[in-house]
Every structure is written in C-alpha cells, then in structure tokens.
Amino acid sequence: MRQDVWSKRTWEASPEELQARKDAAEAAKPTVNTPEQAKELERQALEKNPVTKLSHEQAEELEAKILGTNDKKDSVDTSSEVVARQLNEWESQNYSNDSEKGLLIMPDGTVKDFAGTDHHVTGKEDDIALMNGAVFTHNHPTDNTFSQNDIVTGLVKGNLKEMRAVTSTGDIHILRNNDASVIDRRKFAADYSQMRMKAENIANKKILRGEHIDKDEYVKGRLEKFMEEHANEYNLSYTKSHINEISIDKSIQSGILESNGNRINIGMQFFSKSIEDFATIILPKDEYAHVMSEIATNITEEQSTKRVIKKHIGDYIYTVENKGFGNYRVIGKDLIE
Ligand SMILES: [Zn+2]
C-alpha cells in the first residue's frame, strides 16, 4: 500500500488531505457579497481586528506564535555541496520506492529519516518544529508533484527552506522558500489548492467530452505551470530537476558504479560524477565503426532501455553511454584479462 509520509493515506486522498483542500478552498473563495454585505463584513472585521494588513514584523511575530518559537532559526545552506550530495544520493537511491520515504536535513546538519510506515511522524508538532529552515526531500511513488498535504505541512506549518519531491520517473520538484511570510505561504496553499480543483474540473469535463487525456498528467501540468509562473509572487521559487542516472554504489571502494542495476567497473576517477562528465573515448575510425555496428546488431531489448551499457567486442569491454534513438558514446575501453 502506498503511503504518504505526512499522514497515513493510500493513493486516494486521506481525510486530512481532503480537509486541507477544503480549508484552502474556503480561504480562497471569491467574495460574492452584495456591496451592503461587504460593508458590514468589513465593519465587523475592523471591529474584531483593526489591523487588516500585517506589516512584515507582525507577520513574523504571528508566524513565530504559530510555530511556538520566537527564535528565528538558521536555514540550511542549499548551495552547499555537502547538502547537494546528500540529496542527490538519497534521491537517486529512493526515487523508485513503492512507498513514500523522506529525508530531513536540518540547519545544524542533523539528518532525520522519515518512513511511510511512520505515518504520523510529520503530523506531530515536534516534527513540524524540526522543519523550520530545513530541507526536506521525499519520494512520490507516482509521477505527481506536491500534494496539498506537502504544501500545508511542509511549507505553511513547517516553514521548510526547501521542499523536494522526487517522482517515480526521477523528476525532482523543488519548491524553495525565499523568506516567505506565513501570510505568503498560506495564500500560496490556498491558490495551489484552487488551481488543483480547477484543473481536476477541466480534466473531468474533457474526459466527459470523450477526450483521451491522463487526468493526473493534466493536473500535474497545470500545477507545474502555476508554480513556474507565480511562485515568486509568494516569495517562493519553483524548479524542476532530474536525478543523476548513475548512483553511487555502496561498494564504491572497489570502483564499481551502478546504473539502473547494470554494474559497470569504470574506475574510481568517476566517483560521484554524472554520466555527462565522462570523457568520450576517441577510437580509430575502423574500430569505432566496428563497435557501433556490433552494438546496433546485438543490443538486447533490456540493454536498449539502459543509460549505460557494456559490450564485449574482441579483447575489450566497451562501456557506452546510450543516448537513445541509436546514439551511442564510448566512455570506457578495458582489456579483458
Ligand atoms: Zn509528497
């Protein structure tokens, strides 16, 4: 069963998720009052709380109250190479998990694992408090972008510096918090939820009209576009990345790298490099032609799906990057002993 790291839920929206969406929708509801009603509401609101627009300081104070702390914590330096490496390693090893897992990197360097089976972990106040200024990554067993729970728990309540979701296809969705106030974050959660509902409605209508669309794919596309175009209006930024194809194997000491389960020995000098960093090996013209024709005629269906393939030809093992559509690049040549 697939579970969300935020709460116990199957692939269907949990009661918490539904409530989060409802709350967000409520908060974002357009006003349809008559001018008289609007005036009366305004009068009531002013009576209750004469401050209608919070200053930056007031927003911070409110935020501190919500978070139960007044200390403004440091945040993780997201440009740090150590952090990047930790994230890269975790994401490339966990993107294909069947259940959700997560990794939290805190400003003091402490790292905490979250497993989908610990379904209540992030719902606890203690865990939410740990998120302030931290970086959180987690995997989605689907290809979907951030859920409403991700946004509400991680961003609004948690005040993460950066939230990341790596999908089953290896896409990494990154939402960065550029000191957004709690007001900004709440507004974003409300608008994000609105956008999701709108997209779901449109997708449903399209399906009813007989259009062949993938609803999840459609909703994801709309949410991505919304984040790309509007995240900055909430002092957030959204980017998308992709896992490094080559992940560092546990037995790195032996110089063995693993690519999609295909073990290849290409030496220690490639440690933590991505495939693009591997130098092309220039072969003499005839040898090159021979290698290419051997690959073209003998490649197995399984190999054709791999990013890196290994081929025995004559006395050598050639390591080749498979760039797809019949494009190959030789990145290794080792004599068979
Ligand atoms: Zn998520």
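I count two residues as in contact if their C-beta atoms, placed from the backbone, lie within 7 Å. I am working from a predicted model.

**Entry 1: L175 and the core**

I looked up L175 with that rule. Setting aside residues up to four places away in sequence, L175 touches F146, L155, M163, M227, L236 and Y238. I then looked for a second, separate core, and I found one of 7 residues that includes V291, I295, Y318 and V320. The largest nonpolar core has 41 residues. L175 is among those with the most contacts inside it, along with L104, A134 and A189. I noted a general point: in soluble globular proteins, nonpolar side chains tend to be buried together.

**Entry 2: the whole chain**

I counted 10 helices and 12 strands in the chain. The chain has 337 residues, and buried ones make up 31% of them.

**Entry 3: M163**

Is M163 buried or exposed? I call M163 buried because 25 other C-beta atoms lie within 10 Å, and the cut-off for buried is 20 or more. M163 is found in strand β4, residues 162-167. I listed its contacts, leaving out neighbours within four places in sequence: F136, D150, G154, L155 and L175. I also looked at M131, which is 32 residues from M163 along the chain. The C-alpha atoms of M163 and M131 are separated by 9.8 Å.

**Entry 4: the sheet of 6 strands**

I traced an open sheet in the order β2-β1-β3-β4-β5-β6, with mixed pairing. Which strands stand at the edges? They are β2 and β6 (236-242). Each has a single partner strand, so one side of each is left without a neighbour in the sheet. From one strand to the next, the twist averages 15°.

Next I took the pairs. Strand β1 (residues 101-105) and strand β2 (residues 111-115) are antiparallel and share 5 bridges. L103 has D113 as its bridge partner in β2. The hairpin of β1 and β2 has 5 residues between the strands, and G109 takes a positive phi near 95° there. On the pairing of β1 with strand β3 (residues 135-140), I found 4 bridges, again in the antiparallel sense. L104 stands opposite F136 in β3. Helix α4 (residues 81-94) packs on this sheet and touches β1, β3, β4 and β5 (171-177). The direction of α4 makes about 15° with that of β3.

**Entry 5: two helices**

I compared helix α6 (residues 148-157) with helix α7 (residues 182-208). Their axes come within 10 Å and cross at roughly 175°. I therefore wrote down α6 as roughly antiparallel to α7, since angles over 145 degrees count that way. From α6, the contact uses Q148, I151, V152, L155 and V156. From α7, it uses R185, R186, A189, Y192, S193 and R196. I sorted the residues of this contact into 6 nonpolar, 2 polar and 3 charged.

**Entry 6: the sheet of 3 strands**

I found an open sheet in the order β10-β11-β12, with antiparallel pairing. Here β10 (308-313) and β12 (327-335) are at the edges. Each has a single partner strand, so one side of each lacks a neighbour in the sheet. The twist averages 25° from one strand to the next. Strand β11 (residues 316-324) is joined to β12 by 8 bridges. V320 stands opposite V330 in β12. Helix α9 (residues 285-298) packs on the sheet and touches β10, β11 and β12. Its direction makes about 110° with that of β10.

Methods:
Residues numbered from 1 in each chain as written. Predicted model: local features only at pLDDT ≥ 70, side-chain atom pairs only at ≥ 80, totals over all residues. Core = buried A, V, L, I, M, F, W, Y, C linked by C-beta atoms within 7 Å. Buried ≥ 20, exposed ≤ 12 C-beta atoms within 10 Å, placed from the backbone. Pairing = 2+ DSSP bridges. Axes fitted to C-alpha atoms, helices over the stretch in contact; angles between N-to-C directions. Parallel < 35°, antiparallel > 145°, perpendicular 65-115°, else oblique. Nonpolar A, V, L, I, M, F, W, Y, C, P; charged D, E, K, R; others polar.
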